[in-house]
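Please open the model in your viewer and keep the selection panel at hand. The stops below go from helix packing to the ligand and then to some backbone details.

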Amino acid sequence: MAGQPDWYIGLMSGTSMDGIDAVLAGFGPEGITSSWHASHTYPGDLRLQLENLASDRGTPSLLGEADARLGDAFADCAQAVIQAAGLRPEAIMAIGSHGQTIQHRIHPPSPFTLQIGDPNRIAERTGITTVADFRRRDIAAQGEGAPLAPAFHSWLFQCPERERCLVNLGGIANITLIPTDNSPPHGHDTGPANRLMDLWCRRHRCRPFDYQGEWAATGEVNDTLLTSFLSDAYFARQPPKSTGREYFNEHWLEAHLSALPEQPGAADVQRTLLELTAVTVTRDIQAIGADEVFLAGGGAFNPMLADRISDLLPKARVDSTKALGLDPQCVEGAAFAWLARQRLAISPGNLPSVTGASGPRVLGGVWPGRR
Ligand SMILES: Nc1ncnc2c1ncn2[C@@H]1O[C@H](COP(=O)(O)OP(=O)(O)OP(=O)(O)O)[C@@H](O)[C@H]1O
Ligand SMILES: [Mg+2]
């Protein structure tokens, strides 16, 4: 029907492993005209199974089983968001499924990335054409395969008057700096966002995350620990660069803590981890400069973190992507909806200026629906 948007779904299970997100986005000539969001927890012990696999504890059978179970869980979440929007599956052009990253190891001699969540099952159960496996073509073209969201960020949020920066605060943080002209955007993973804070909070508070940063607010930054964190070579490396939980994990944190002459209190560690995220994100933004900074991902809901980012960027406006019309929890999912749209249009999904790939590439495989 004329004037109707093209509907696409993006499915995401991020590095935080806090659940599955489905975003249903309506694409019109001006960008995204409307969006819906559904999130599901992992069924049964699937989260534990994924955690084990991501920590290299697993067998091929467990990998195969988790792949199938996650595919079904993704299909359920896609169906839930279609229902929430009051649409029929036939109205959806395609689903873009990121899957769950099990390993992202981009160093030589055999760089690879592995996402699971069987797209065959998503296509079969929903009947909708499904696009998945977005990252590996970029790696085959000598890229990092990540971050991929910057292409979407610059497509949707480019502004001719102001240099904009998008910050995704998921398990890992990534930034996109969008120039006012049409020159290539900058983007990379800056380091941890919530991942280390989450695991510290789980360990000491038995909660999945530090709600609103309330616990961190009771602690103080430990300067020795912060300096030790910041001495990690990843932070000084020039882009292109991407990282994941196989690097910023409990072993990384333990190594820094055990090198201290005196152990800080648990709340001080939490506060220092929050500061690490704020400092690494803002240093990289300042290195290039931005007039406006918009926060997305779960960390955008942490006022303590948002305030620290804002404090460290006194000259820039800092806001959430809600101010741009897209809820912070929808941005990452909408990026994969957009990447599915790019794939069907046989248009590139990567930005070589970001991933370091030898050129633009059409990303993802297509699993046809049942129509
Ligand atoms: N109200 C809140 N207060 C503090 N932290 C929050 C709040 N809501 C969400 N978060 C944080 O956001 C995290 C989830 O963010 P998100 O879903 O964007 O990450 P992700 O799934 O790992 O995605 P990505 O792949 O982008 O890393 C939670 O684990 C938590 O740390
Ligand atoms: Mg998430």
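In which handedness of crossing does α10 pass α11? The crossing of α10 past α11 is right-handed, where right-handed means that the near helix is turned clockwise from the far one, and left-handed that it is turned anticlockwise by less than a right angle.

Before going further, note that this is a predicted model, in which local features need pLDDT of at least 70 and side-chain atom pairs count only at pLDDT 80 or more, while totals for chains, interfaces and linings use all residues. Residues are numbered from 1 along each chain as its sequence is written, chains are lettered from A and ligands numbered from 1 in the order in which they are written, and side-chain values use heavy atoms, with hydrogens and water left out.

**First stop: α10 and α11**

Select residues 266–288 for α10 and residues 303–312 for α11, and you will have two helices packed at an angle of about 40°, with axes 9 Å apart. Helices here are DSSP runs of H or I with at least four residues, numbered from the N terminus, and axes are lines fitted to C-alpha atoms over the stretch in contact, with angles from 0 to 180 degrees between N-to-C directions. That angle makes α10 oblique to α11, given that under 35 degrees counts as roughly parallel, over 145 as roughly antiparallel, 65 to 115 as roughly perpendicular and the rest as oblique.

Now show the side chains: Arg271, Leu274 and Glu275 are among the α10 residues that meet α11, whose partners include Met304, Leu305 and Arg308; contact means heavy atoms within 4.5 Å. The residues of this contact of α10 with α11 divide into seven nonpolar, three polar and three charged, where Ala, Val, Leu, Ile, Met, Phe, Trp, Tyr, Cys and Pro count as nonpolar, Asp, Glu, Lys and Arg as charged, and the others, Gly among them, as polar.

**Second stop: α9 and its neighbours**

Select α7 (residues 223–230) and α9 (residues 250–258), whose axes come within 10 Å and cross at roughly 130°. That makes α7 oblique to α9, and the contact is made by Leu225, Ser228 and Phe229 of α7 with Trp252, Leu253, His256 and Leu257 of α9. By class, the residues of the contact of α7 with α9 are five nonpolar, two polar and no charged.

The contact of α6 with α9 has six nonpolar, no polar and four charged residues.

Which residues come nearest to ligand 1? Of the 22 residues around ligand 1, taken as those with a heavy atom within 4 Å of it, Thr15, Ser16, Gly171, Asp198 and Gln212 come nearest. An oxygen atom of ligand 1 is 2.6 Å from a polar backbone atom of serine 16, and a ligand oxygen is 2.9 Å from a side-chain N or O atom of asparagine 168. For glycine 298, a backbone N or O atom lies 2.8 Å from an oxygen atom of ligand 1.

**Last stop: the loops**

Most residues other than glycine have a negative phi, and most peptide bonds are trans. Glutamine 212, however, has a positive phi of about 60°, and it sits in the loop between α6 and α7. Finally, select the cis peptide bond joining alanine 146 and proline 147, with omega about -15°, and then the cis bond from proline 239 to proline 240, with omega near 5°.

How values were computed:
Polar contact = N/O pair within 3.5 Å; in protein donor to acceptor, adjacent residues only side chain to side chain.
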